[in-house]
Amino acid sequence: MPNLKIVYLELPAQELAASRDFYANLFGWSFQAYGPTYAAFSESGTEGGFNADPAERTKAPLPVIESQNLEETEQSILKAGGKITLPIFSFPGGRRFHFIDPAGNELAIMQRE
C-alpha cells in the first residue's frame, strides 16, 4: 500500500463564528467559508477546517489522510479490521469516507479531484 499521510484536520465546532474568531485572534489563522456551517483554515501549519453542522460534525477531532485511490484504500481498511462509518461522498475538491479503527478512533480518507 502507498504511503498515506495526514493532510487535513477537521475540528468540531458548536458555533462557527466563535471558533473562527477565537483561532483568528489567538493564532492569526485565515479562513475560507464553505457555507454557513463549515470553514477551512490555513496558516496553521496544516490544512484544516471547522464543522459546525450538528448532523455532520464529529465528536472529536478528525484526522484526514490522503489517498491516490479511495476505493483501494477502503478495501485495505476493511481487510485490516476497520469499519466504514460514512460511505464515500463528494465534497468541494474531492471525495472521502470515514472509518473507525479497532480502538474506536474515527478517521477519514480523502482523494483530491
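Predicted model: local features only at pLDDT ≥ 70, side-chain atom pairs only at ≥ 80, totals over all residues.
Residues are numbered from 1 along each chain as its sequence is written, and side-chain values use heavy atoms, with hydrogens and water left out.

The largest pocket is lined by 26 residues, and E10, Y38, F89, F91 and R96 lie nearest its centre. For the search, a 1 Å grid is laid over the protein atoms alone, and a pocket is an open set of points where a 1.4 Å probe fits, with protein on both sides within 12 Å along at least five of seven lines; lining residues have an atom within 4 Å of a point. I wrote down a volume of about 630 Å³, which is the space filled by probe spheres set on the points, these being joined across faces, edges and corners.

Which strand gives the most to the lining of the largest pocket? I found that β6 does, with 5 residues, and that β1 (5–12), β3 (38–42), β4 (47–51), β6, β7 and β8 each supply at least two. Strands here are DSSP runs of E with at least two residues, and helices are runs of H or I with at least four, numbered from the N terminus.

I followed 8 strands through an open sheet of mixed pairing, in the order β2-β3-β4-β1-β5-β8-β7-β6, where two strands pair if DSSP finds at least two bridges between them. The edge strands, β2 (30–33) and β6 (83–91), each pair on one side only. I saw that β6 is joined to β7 (residues 94–100) by 6 bridges and that the two run antiparallel, with F89 having R96 as its bridge partner in β7. Turning to β1, I found 5 bridges to β5 (residues 62–66) in the antiparallel sense, and 5 bridges to β4 in the parallel sense. I6 stands opposite I65 in β5, whereas L9 stands opposite G48 in β4.
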